[in-house]
Amino acid sequence: MIPKFTPAQYNVHYPADRKFVIQFSKRAVLAVFGIVFFTFGIAWIQYLIFGLPADPSLKLINDKTAPLGFPLWLIFCHWMNFFLLTILLRSGLSILFDHPRLYWRADSKPGSEWLKFTNKKVSENEYWTAKDDARYLNPVIGLPGYRHSVGIARSWHFIYVPLFIITGIFFISMLFLTDYWRRVVPSSFQVIPDAWKIFVHYATFNLPVELNGYYQYNALQKLSYFGVIFFIAPISILTGLCMAPSVANRFPWFPKIFGGRQGARSVHFLAMLSFLFFIIIHVSLVCITGFKKNINHITINSDSESDILGMIIFFIIILFVVGFSFFAHFISWRKPRILQKISAAVNGNVRRITINKLKPQKFFTKSDISSYFWTNGKIPQSDTWKELASNDFKDYKLEISGMVKNEIEFSLEELKNLGKEQNITMHHCIQGWTGVAEWGGVALKKIIDIVEPLESADTVVFYSFGEGLYGGKYYDTHTLENCLKPQSILAWEMNYKPLPVEYGAPLRLRIENQLGYKMVKWIQKIEFVSSHKVVGKGFGGKNEDDEYYDLIANI
Ligand SMILES: Nc1nc2c(c(=O)[nH]1)N[C@H]1C(S)=C(S)[C@@H](COP(=O)(O)O)O[C@H]1N2
Ligand SMILES: [Mo]
């Protein structure tokens, strides 16, 4: 199942330091303890002073007015969601661990996290990349787990998200098309004090009267189901959507609802935690309150204790889900190109018919510039680059070749004489961090006009002096069309100062409608070709070749 890693891959996926730690900020710890102490404390005070409140379930014991049982569509949605959540949660964690820090601020500044899974303190004078910072996740928990599997994890996540949304829409429609909404939508605000009374029972280790779930849920149960269906699930979907840079770029107000791009990422994680918390309590209570009976409810819609068909179906479902997890790992490691292709097809098409029809907006100003900006990429080790760097790149020549009428070399001076474009933009790394910076440099269009690409040249390749994660030259490709966009520049300036070495000196790409990995740093040369298929392994870039990232990363 696990592929034979090359030594380079082995080092990446099994780093020497594999452990992760869970570190909450002081404020987050205070908030969590505050909530727990407050709720449990008040429950106990009430219990000790006023005694156990009357159990609101008593009046419901013989109430059979709500629609009873579990129709087939509901059973289907229940298990479908169970299956989908195993994939979404596990792949989501794998994505998270590629940048194991959660923030509220858009600059993703180390030190400002409310939760992180690493104890690494990032110091100002050390070159510590976001890739170095990724943590190893056990593949039993993560899909696919290990380190740096964000490309594959994203494929799983995004292939299954549409199914989750469709199931949700179908489920909620059916609730309201039938009478079943009455089982999960509280009919009055009385449900809140009633739920509290039940909570006081549980919190003080007094089990409330147990209602048969076939006919009735108790108030706390009803409120939790209502919350999961109408709050947690929609919030997961909305925060997921507004984390997409292509959405944020067109509807800047949307992520602001959740406190910006990183806020949305944090809320997305909190929604995942809520799901996890709900599942743990739900499954425990299903077990405690009569496992066999409960399973018969939700598999064969039978209230009998003796039927064993329900158990058989249950075990088949569990076997399927576990079997699928193994299958998912097999695909992830042995056939990742399939995932890369399906994910590109699904999301490429969804994007084509929706978001691509709208123009992104410019909306950052000088005051938005981040005080911290993560780095990625291996600083070039070649003697050529080091020599050039030692001389402030005075001898640097950018070589432009391939399918052009005029092959040419530019010195930095000559490039600067072509004029300067400046943009303030938010950089989105596929790993999850963001940062706002100003970039200044020459529009690629100016260079393209000079070199005059041949009719058949369709793709522009940017080669770096530096290496990729597994060795070999870092490169990436862009369509000629995209390079001609006004916000596609070769930058030599960052935040109004000469581009620092760590950020890609002497020249780096800024193609503002793309994700971070498409922006090659430490550019050595540019080549015009007929298609991305003729370069490297043929998938459009170093990360596309080795990490199964998308060829098109429009944002
Ligand atoms: N040469 C080279 N360029 C690269 C990379 C790399 O590994 N090597 N990483 C890319 C990725 S994944 C990101 S997010 C951005 C990071 O740019 P920054 O270091 O300026 O933040 O650079 C991109 N360009
Ligand atoms: Mo990145």
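Visitor: Where do the domain bounds come from, and what are they here?
Guide: Domain bounds come from an automatic or database domain assignment. This is a predicted model, where local features need pLDDT of at least 70, side-chain atom pairs count only at pLDDT 80 or more, and totals for chains, interfaces and linings use all residues. Residues are numbered from 1 along each chain as its sequence is written, and side-chain values use heavy atoms, leaving out hydrogens and water. The assignment gives domain 1 (7–99 + 134–355) and domain 2 (359–546).

Visitor: How many residues does each domain bring to the contact?
Guide: Contact means heavy atoms within 4.5 Å. The C-alpha centres of the two domains lie 41 Å apart. The contact takes 19 residues from domain 2 and, from domain 1, 21 residues.

Visitor: How many salt bridges does the rule find across the interface of domain 1 and domain 2?
Guide: For a salt bridge, a side-chain nitrogen of Lys or Arg must sit within 4 Å of a carboxyl oxygen of Asp or Glu. Across this interface, the number the rule finds is zero.

Definitions and conventions: Chains are lettered from A and ligands numbered from 1 in the order in which they are written.
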